[in-house]
Amino acid sequence: MRMRRANDDTMKRVRRREIGDVAPEAPHEALVSGTRNVATYFGTGKEEGTVATGMKANLLVLNANPLQDITRTIDRAGVVHNGTWHDRASLDAMLAKLRVP
């Protein structure tokens, strides 16, 4: 079986299809499942999983509203991790260091 390396555009199309197939009509429930419910499962719901005063500042910032279309979750502007902003360019640079040639 031949394998080929996928570029970012190909992977975005695959992810968009997978995300749309999983939750095409329930974006709010999909977002809660990936945030608050995960924190609750791991027992960290009092520290993370929602945006509120006193919670850890770990956020994914998107360029578009995922409540209108859940596939917009792959259009990322950047993240806030432990209160520090990382824009898309700095995230891409970090990922490039991790890639295996």
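This briefing walks through the fold, one topic at a time. Keep in mind that the model is predicted. The protein chain has 4 helices and 3 strands, and from the N terminus on they come in the order α-α-α-β-β-β-α.

**The chain as a whole**

- Of the 101 residues in the protein chain, 17% are buried.
- The protein chain exposes about 8,200 Å², and carbon and sulfur atoms supply 55% of that area.
- Now for contacts between residues with a separation of 6 or more: 32% of them in the protein chain link residues 24 or more positions apart.

**The sheet**

- The 3 strands make an open sheet in the order β1-β2-β3, and the pairing is antiparallel.
- β1 (59-62) and β3 stand at the edges with a single partner strand each, so one side of each has no neighbour in the sheet.
- Going from one strand to the next, the twist averages 20°.
- What holds such strands together in general? Strands of a sheet pair through backbone hydrogen bonds, and they can be parallel or antiparallel.

**Who faces whom**

- β1 and β2 run antiparallel and are joined by 4 bridges.
- Val80 stands opposite Trp85 in β3.
- Gly78 has Asp87 in β3 as its bridge partner.

**The turn between β2 and β3**

- β2 and β3 form a hairpin with 2 residues between the strands.
- Asn82 is found in that loop between β2 and β3.
- What is the phi of Asn82? Its value is near 50°, which is positive even though the residue is not glycine.
- Here's some background for that: most residues other than glycine have a negative phi.
- Is Asn82 buried or exposed? Asn82 counts as exposed because its relative accessibility is 55%, and the cut-off for exposed is over 50%.

- Helix α4 (residues 88-98) lies across β2 and β3, and it runs at about 80° to β3.
- Ser90 has its place in helix α4.
- With 26% relative accessibility, Ser90 counts as partly exposed, because that label covers values between the buried cut-off of under 20% and the exposed cut-off of over 50%.
- How far apart are the C-alpha atoms of Ser90 and Gly78? They are separated by 8.5 Å, and the two residues are 12 residues apart along the chain.
- Gly78 is the residue whose bridge partner in β3 is Asp87, so you can find it in the pairing list above as well.

**A nonpolar patch on the surface**

- Val38, Tyr41 and Phe42 form a nonpolar patch on the surface.
- Together, Val38, Tyr41 and Phe42 have about 390 Å² of accessible area.
- Tyr41 is found in helix α3 (residues 36-41).
- Tyr41 counts as exposed because its relative accessibility is 69%.

Terms used:
Residues are numbered from 1 along each chain as its sequence is written. This is a predicted model: local features need pLDDT of at least 70, side-chain atom pairs count only at pLDDT 80 or more; totals for chains, interfaces and linings use all residues. Side-chain values use heavy atoms; hydrogens and water are left out. Patches are made of residues with over 30% relative accessible area and no salt bridge: like charges are joined within 9 Å, nonpolar side chains (Val, Leu, Ile, Met, Phe, Trp, Tyr) within 5 Å. Accessible areas come from the Shrake-Rupley method with a 1.4 Å probe; for residues, only the protein chains shown count as cover. A salt bridge is a side-chain nitrogen of Lys or Arg within 4 Å of a carboxyl oxygen of Asp or Glu. Buried means under 20% relative accessible area, exposed over 50%, partly exposed in between (1.4 Å probe, protein chains only). Axes are lines fitted to C-alpha atoms, for helices over the stretch in contact, and angles run from 0 to 180 degrees between N-to-C directions. Contact means heavy atoms within 4.5 Å.
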